[in-house]
Every structure is written in structure tokens, then in C-alpha cells.
Amino acid sequence: MPNKPPNILLISIDSLRSDRLSCYGCARETSPNLDLLAREGVAFDNTFTAANWTGASLASLLTGLYPTVHGYTNKYYYLDPEFITLPQILREHGYQTLSFSNNMYVSSRTGLDKGFDTFLYQGKPESQPGDHSSGESDWYRTLRDAVPMRARFYIKDWLDQSNKRRMLTRDDGACATESAFLQQIGARQPDRPFFAYIHYQEPHSIYFPPYPYRRRFFSGSHWKEGAYLKFDHMGYFAGHVGFSETDVRHYLELYDGEIAYLDWRLGRLFDWLRRQNLWDDTVVMVTSDHGENMGEKGYFWHAFCLYDKLIRVPLIVRYPDWFRINERSAALTQTVDIVPTLLDGLGIDWPYSRDCQGQSFLSGALRTAVLTETYNPELMVDRWLNRRKDLTKEEFRHYLRDLRAYQTTNHKLIRASDGDHEFFDMNADRAESVNRYTSDAPYVQQCESGLQSWMDAFTPHVAKSTHFGFDKEIWNQMRELGYA
């Protein structure tokens with residue numbers, strides 16, 4: 001390791017698809033601060049996540065391993081202790097490690113707190129089941145929940161007219177995370193480098209940013225905004241509801257507003273690091289756990305498919321000692337490559353470097369293909385059905401399958417456990433609109449062989465016990481995020 005190792009700031013942004021950032025081609029100015037970060041570093045144009053949902057994806061991000069290998073999947077919401085995480089490795093090499101999570105898939109209950117000296121959820125120490133440390137009494141919560149959500153938001157907007165600063169605190173944890181980050185880094189041990197990992201919840205649905213940013217791109221009336229506090233992706237997938245072109249436009253406008261809001265928060269955080277003279281001594285990496293479907297190929301939200309809008313994510317890296325300035329890279333990269341790249345830069349051996357897992361891109365990406373996995377989401381659908389008695393499992397039957405996407409620069413194979421495979425020519429058909437799967441086609445056979453060789457190299461993880469995972473109370477909290 002170098003005598004003076006750099007600090008590391010790793011940021012993952014929930015549900016952020018790359019093409020909604022201005023630096024990745026969005027016509028709206030959604031991300032001026034991330035655009036500046038890209039100009040000061042490298043923006044990777046072909047980065048893919050390892051899974052299409054948060055838990056498995058972030059377990060891969062923090063281990064450098066694919067879901068089949070680390071075992072945190074739709075069937076087992078936990079990272080078993082035998083898998084070494086990035087913060088564990090860095091702590092062993094002298095780093096002070098801090099995590100700021102805004103999603104319960106990253107928590108002590110899922111094993112993703114391993115290796116962190118400090119672990120905060122929405123800016124505070126993790127609360128335990130039954131802990132109502134927010135100060136809200138049972139009668140207050142009952143009274144609050146009796147008021148329709150739409151009415152509550154209009155009341156808050158009216159009350160906030162006299163307090164503009166308060167408007168900008170009504171988010172999904174970004175404000176509290178910013179305050180906690182400044183406090184924790186400001187009070188850090190100055191003789192130790194820090195590794196800080198932040199997972200932001202914005203722009204995850206429901207797409208409804210704080211008021212000023214809610215109006216940034218929204219083309220409807222103030223009264224119309226309230227209609228989009230509801231995002232019935234469950235009913236949509238079951239075929240009970242549909243979204244009009246106007247609905248899709250408004251959802252996307254609000255989604256872009258969420259991105260613009262978070263970008264503003266990131267700008268404040270980056271400026272603070274500059275003022276503290278930490279900026280040039282810190283490796284900054286920004287990526288996402290997965291993208292988001294907005295009606296493409298009939299899909300919304302983030303489930304049930306492995307199309308590019310869902311699995312292609314941004315990756316922006318700044319640290320001039322390791323990477324060039326103002327560079328675009330078209331090379332294939334994955335979020336599993338972040339762990340080996342950071343360790344490569346620090347001169348630390350990684351135990352999985354020869355196991356067909358993540359690959360360092362420090363000296364240039366060497367990948368010829370990327371892999372994304374998702375397992376049968378039956379447990380998720382079962383939770384939806386517990387919440388929605390108007391839906392039936394039969395309405396989701398065709399979604400209950402394992403999927404793996406194997407993608408090269410030119411071609412993409414999606415292999416499905418039900419035999420409904422897909423193959424796309426990514427040069428001629430970036431929208432993945434024409435399925436060209438034919439089992440005897442040479443290009444298809446090449447991808448089939450590549451995928452099979454990859455899977456043959458894996459040792460699938462078998463959990464040694466049934467971990468408690470999330471209890472009923474935690475799933476009830478996650479209902480507000482649409483997960484349960």
C-alpha cells in the first residue's frame with residue numbers, strides 16, 4: 001500500500017438509469033454536479049450491474065462477486081459471514097470505514113454492515129424492531145395515516161411556504177445523510193484514511209422530490225402533482241391498471257426532478273470536501289444499483305426483466321493520480337469491478353482475482369462480456385399478494401423465472417429458465433426491439449457457450465442456515481418503498 005493511501009468515497013444511487021443524467025445524453029439539465037465530476041475524471045458508457053434489484057446488486061458491489069457466488073438473492077436476503085467485503089479489507093489496512101444507508105436492503109439485518117466502524121441509516125444509528133425513536137406516538141401515527149397521502153402533501157406544501165429550507169428536507173434520507181456525512185467525516189481520525197460508502201434512495205419510486213425540484217420539469221398543474229403520489233406498479237404488472245402517455249411523461253418528469261435534487265445535494269457534499277482540502281486526496285466513485293424501466297418494452301419499475309434500461313448504469317470515477325481527466329470510456333465494465341479496481345490501486349491482493357468475478361479496470365477495462373443475474377422473484381410477488389388481496393399469483397406466473405443476461409459489445413443473450421430466451425443485435429437494435437434468438441445461429445451459439453463457461457466456473461453458494469432476514473415489522477416499513 002502507498003505511504004499515504006487516498007480516502008475513498010463510494011456512492012451508489014438507487015434506481016438511477018444512466019441516460020437520465022445530462023453527462024450521459026439527457027436533454028434536460030438534471031446533473032450539473034455529476035457532469036462536472038465526469039469532466040474531472042472518467043465516465044464509463046457501458047457499465048452494467050450484476051443484478052436488477054437492490055439487495056443482490058449491492059452485495060455484488062461490496063464484494064466484487066456475482067449473486068450466484070455470494071448467495072444474496074431473491075431467495076435469501078442475507079450476505080453470509082464467509083464472504084469478505086470491501087470495508088473489511090480496507091479496515092484491515094488501516095482505513096476508518098463508514099456507511100450511510102437509506103435502504104434497508106443495506107443493513108445489519110442483511111449482513112451488509114460488515115466491516116464498517118460506523119453504520120448509519122438515514123443519518124442515525126440503525127433502529128431495532130419496535131424502536132420508535134422518531135418521537136411519534138402511536139396515536140399521532142394513527143391520526144396521520146387516517147389522512148390521505150395526497151392531502152398530507154398539500155398540507156405540507158402549504159405549511160412550507162413560510163419555511164423554504166424545510167421544503168428541502170422532505171426527502172428519502174438525502175438531507176439527513178448529508179448532515180451525518182459532514183459530521184462523521186469532520187470528526188474522523190485525521191491520521192487514518194477513510195472509506196465512506198453512501199447509498200442514496202432518490203430517485204427510487206415514488207417519484208416525488210422536494211417541492212422546488214418537483215416543479216423543475218413537471219409540466220402539469222400543482223393540483224395534478226398529487227395524482228403521482230401513487231405508483232401502482234403491482235397493479236400494472238398484474239394487468240389491472242395502465243399508464244397513459246401523459247402518465248409516463250409526468251412520471252419521467254418527476255423522476256428527473258428527483259435526480260436534479262440529489263445532484264444538488266451531491267454538489268454540496270463535493271463542495272464541502274473541496275473546502276476541507278480533502279477533494280484531491282479522495283477517490284470518488286459514483287454508480288447505481290440498477291436502472292429503471294419507464295414503459296420501454298412494456299415494463300415499469302425494476303423487476304422481471306434484464307433489458308438495458310434496467311441494468312445499464314452510470315459509473316463516474318475521479319482521482320487524477322489513477323485516472324485521466326475528462327475521458328469517456330466505451331469499454332465494458334461492471335459494478336463488480338469496483339472492488340478489485342480500488343484494491344488494485346492500493347496494491348492490495350484480492351482473493352477472488354482468478355475466479356471469474358470482478359476485474360480491475362485501473363489500467364483499462366479488459367472485459368469481453370458482462371453478466372447480470374436475477375432469480376425467480378416468487379417471494380417478492382408473495383409479499384405483494386399479502387398486501388394486495390385484489391391480485392392473484394396466476395397474474396404474475398409468467399414473471400416467475402430465473403434470468404441471466406450475457407452481453408458483449410455487439411450482442412446480448414437473455415437466457416430464461418422457462419425457455420423463452422432472447423437475443424439482440426446491440427449494434428443495429430439498441431432498443432432491444434427484435435428478438436433474433438435462434439438456437440442454431442452462430443452468434444447465439446457463441447454467446448450460449450460464453451455464458452455456460454462462465455456459469456461452470458462458479459461455485460453456487462448454498463446457505464448453511466435460514467437467516468432471520470427481515471422480520472414482519474421491517475417488511476411493513478419496506479411497504480412504503482413498494483418492496484413488500
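Modeller: From helix 1, the residues Pro 32, Asn 33, Leu 34, Leu 36 and Leu 37 meet Asp 263, Trp 264, Leu 266, Gly 267, Phe 270 and Arg 274 of helix 12. Contact here means heavy atoms within 4.5 Å. By class, this contact of helix 1 with helix 12 has 7 nonpolar, 2 polar and 2 charged residues. Ala, Val, Leu, Ile, Met, Phe, Trp, Tyr, Cys and Pro count as nonpolar, Asp, Glu, Lys and Arg as charged, and the others, Gly among them, as polar.

The model is a predicted one, in which local features need pLDDT of at least 70, side-chain atom pairs count only at pLDDT 80 or more, and totals for chains, interfaces and linings use all residues. Residues are numbered from 1 along each chain as its sequence is written, and side-chain values use heavy atoms, with hydrogens and water left out. Helices (H or I, at least four residues) and strands (E, at least two) are DSSP runs, numbered from the N terminus.

Two packed helices are described by the angle between their axes and the distance between the axes. The axes of helix 1 (residues 32-39) and helix 12 (residues 245-275) come within 7 Å and cross at roughly 50°. Axes are lines fitted to C-alpha atoms, for helices over the stretch in contact, and angles run from 0 to 180 degrees between N-to-C directions. Helix 1 and helix 12 are therefore oblique to each other; angles under 35 degrees count as roughly parallel, over 145 as roughly antiparallel, 65 to 115 as roughly perpendicular and the rest as oblique.

Helix 12 also packs with helix 8 (residues 174-186), at an angle of about 10° and with the axes 10 Å apart. Helix 8 and helix 12 are therefore roughly parallel to each other. On the side of helix 8, the residues in this contact are Ala 174, Cys 175, Glu 178, Phe 181, Leu 182, Ile 185 and Gly 186, and they meet Tyr 261, Leu 262, Arg 265, Arg 268, Leu 269, Trp 272 and Leu 273 of helix 12. The contact of helix 8 with helix 12 divides into 10 nonpolar, 1 polar and 3 charged residues.

Leu 262 is buried, with a relative accessible area of 3%; buried means under 20% relative accessible area, exposed over 50%, and partly exposed in between (1.4 Å probe, protein chains only). Leaving aside residues up to four places away in sequence, Leu 262 touches Ile 13, Ala 174, Tyr 200 and Glu 202. Leu 262 and Ala 43 are 219 residues apart in sequence and 18 Å apart in space, C-alpha to C-alpha.

Glu 202, one of the residues touched by Leu 262, is joined to Pro 203 by a cis peptide bond with omega of about 5°. Pro 203 is placed in the loop between strand 6 (194-200) and helix 9 (211-217). Another cis peptide bond, between Ser 205 and Ile 206, has an omega of about 5°, and Ile 206 is placed in the loop between strand 6 and helix 9.

Helix 14 (residues 338-346) can be described in the same terms. Of its 9 residues, 8 are buried, so helix 14 is largely enclosed by the rest of the structure. The buried residues of helix 14 are Ile 338, Val 339, Pro 340, Thr 341, Leu 342, Leu 343, Gly 345 and Leu 346. What covers them includes strand 1 (7-13), helix 2 (54-63), helix 4 (86-92), strand 7 (282-288), strand 10 (312-318) and strand 11 (327-334). Gly 347, with a positive phi near 75°, follows helix 14.

A positive phi is also found at Cys 356, about 60°, although Cys 356 is not a glycine. Cys 356 lies in the loop between helix 14 and strand 12 (370-374) and is partly exposed, with a relative accessible area of 39%. Lys 297, likewise a residue other than glycine, has a positive phi near 55°. Lys 297 lies in the loop between strand 8 (293-294) and strand 9 (300-301), and at 35% relative accessibility Lys 297 counts as partly exposed.
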